[in-house]
Amino acid sequence: MTDADVTAPRIDAVFDFDALLTDDEREWQQRARRFAQERILPVIEDDFERKHFRRELVRELGELGFLGMHLTGYGCAGAGAVSYGLVCLELEAADSGWRTFVSVQGSLAMSAIHKYGSEEQKQRWLPGMAKGELIGCFALTEPQGGSDPAAMTTTARRDGDEWVLDGAKRWIGLASLADVAVVWARVAEPAEAGDASTESGPSTRSGTTVRGFLVPTSTPGFTATPIDGKLSMRASVQCDVDLDEVRVPADAMLPGASGLSGPFGCLNEARYGIVWGAMGAARSCLESALARSTEREVFGRPIGRNQLIQAKLADMFVEVEKGILLALHLGRLKERGALTPAQISVGKLNSVREALEIAHQARAILAGDGITNAFPVMRHAANLESVRTYEGTDEIHQLVLGRALTGLNAF
Ligand code: TGC
């Protein structure tokens, strides 16, 4: 067979992936792909270089229906889990920072309010957040480490008709831009929790439990400081948050969440988005390497004619296809209400680990030019280092799976 006999197919056409989707799902995907290509890709290298978060795109994301798109009512699109995953994939194919924005806003902050908020809280915050007029953040992780939220030291104490929050949070996406923070804090239980809905899960530390609070970021004592010096996710914002006697009214507490299962329920949503999103970054790296392999000539022929290059491309391709098909399977389970946290751990662990490996292989194929911003690959690789760590590190997800397999808890 000569080169002329071979037509290179589109990567996602090989398994006829489109045929597994509904018209509506394809429409969501196309809308996100257009947005990524027209609004993110032309500016992302510059934004990454300058550490610039392009806030004006937030309303556009809202107009397109991407914010809290898997939620129903309150101005949210009520889309299916697969549609949401496809949007995550297309956004992260452009940059992890933008998928992270949609995750923090929709899967974490809006989900927390939607799942656990009172009707009044939902009416107050969700419609504006869906439109991108209001930004939310999710303050769970603390400076001593993100893997063990049970070690949380931020407290909320009742003082008359108010809650008073004290503590510190770290790596909180969007906090310095946000209008509202969902802050998780330890309260004494049950008397001081003072809420009819405290069918509290077991306390996470003797005599206390974890509750969520909606804190307008303009509240005195709330300070968010962007973390500088990041070599990853430079086009998005992560902050230190200081809570110094932050006073909020009694009804700022989320009535429907008691115990760590509250924030973990939101992490499930965000981790699910990552299962898809990381495969978007991986696809972008593979596309760069593939294009380069037919254009770049070394030793008098395209590098793609070399078996060692083809072996790399084949392995990358296999993992992208497997990862996307796994994401689709998890999405279908989620739509049936059958997706478990352990299954999400399989997906998050696999997608991010493989995406990083693909980024590294793509960088090698691009050789010296691969370290420049003429290609998106180093940016994806750098971003994926964050994605590997947040929402549960590889090791946390391995241990979740280890526990599911053995019945023995390693934590
Ligand atoms: P344990 O602490 O004993 O469990 C407490 C309760 O939570 C329940 N639970 C879950 N519920 C729903 N979904 C899940 N995935 C859940 N995992 C646990 C559990 O059943 C229990 O409920 P109850 O009613 O009996 O009290 O926790 P564990 O032993 O089950 O889990 C330990 C471990 C290590 C798995 C967990 O602590 C964990 O997942 N750690 C990683 C946390 C993590 O991902 N942190 C990063 C957050 S990323 C972030 O905050 C930044 S957001 C992004 C941004 O802002 O940019």
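Reply: In this predicted model, E90 forms a salt bridge with R33, and the closest N and O atoms are 3.1 Å apart. E90 belongs to helix α3 and R33 to helix α1 (residues 23–50), so the pair ties together parts that lie 57 residues apart in sequence. E90 has a relative accessible area of 2% and is therefore buried, the limit being under 20%. R33, with a relative accessible area of 16%, is buried as well.

E90 also meets the side chain of R283 in a salt bridge, at 2.9 Å from N to O. Here the partner R283 lies in helix α6 (residues 261–295), so this pair ties E90 of helix α3 to a part that is 193 residues away in sequence. Both E90 and R283 are buried.

Helix α3 itself, which covers residues 81–94, packs with helix α7 at an angle of about 145°, their axes being 8 Å apart. On the α3 side the contact is made by A81, V82 and L89, and on the α7 side by I324, L328, G331, R332, K334 and E335.

R332 and E335 both lie in helix α7 and are three residues apart, about one turn of the helix. R332 has 25% relative accessibility and therefore counts as partly exposed. E335 counts as partly exposed as well, because its relative accessibility is 37%.

Helix α7 spans residues 307–335 and also contains L325. L325 is partly exposed, with a relative accessible area of 32%. Together with V14, F15 and L20, L325 makes a nonpolar surface patch of about 330 Å².

Returning to the salt bridges, the count for the model comes to 27. Beyond the pairs described above, D46, D47, R50, R54 and E56 are linked in a network of salt bridges.

To summarise the part requested, E90 of helix α3 is tied to R33 of helix α1 and to R283 of helix α6, while helix α3 also packs with helix α7.

Terms used:
Residues are numbered from 1 along each chain as its sequence is written. This is a predicted model: local features need pLDDT of at least 70, side-chain atom pairs count only at pLDDT 80 or more; totals for chains, interfaces and linings use all residues. Side-chain values use heavy atoms; hydrogens and water are left out. Patches are made of residues with over 30% relative accessible area and no salt bridge: like charges are joined within 9 Å, nonpolar side chains (Val, Leu, Ile, Met, Phe, Trp, Tyr) within 5 Å. Accessible areas come from the Shrake-Rupley method with a 1.4 Å probe; for residues, only the protein chains shown count as cover. A salt bridge is a side-chain nitrogen of Lys or Arg within 4 Å of a carboxyl oxygen of Asp or Glu. Helices (H or I, at least four residues) and strands (E, at least two) are DSSP runs, numbered from the N terminus. Buried means under 20% relative accessible area, exposed over 50%, partly exposed in between (1.4 Å probe, protein chains only). Axes are lines fitted to C-alpha atoms, for helices over the stretch in contact, and angles run from 0 to 180 degrees between N-to-C directions. Contact means heavy atoms within 4.5 Å.
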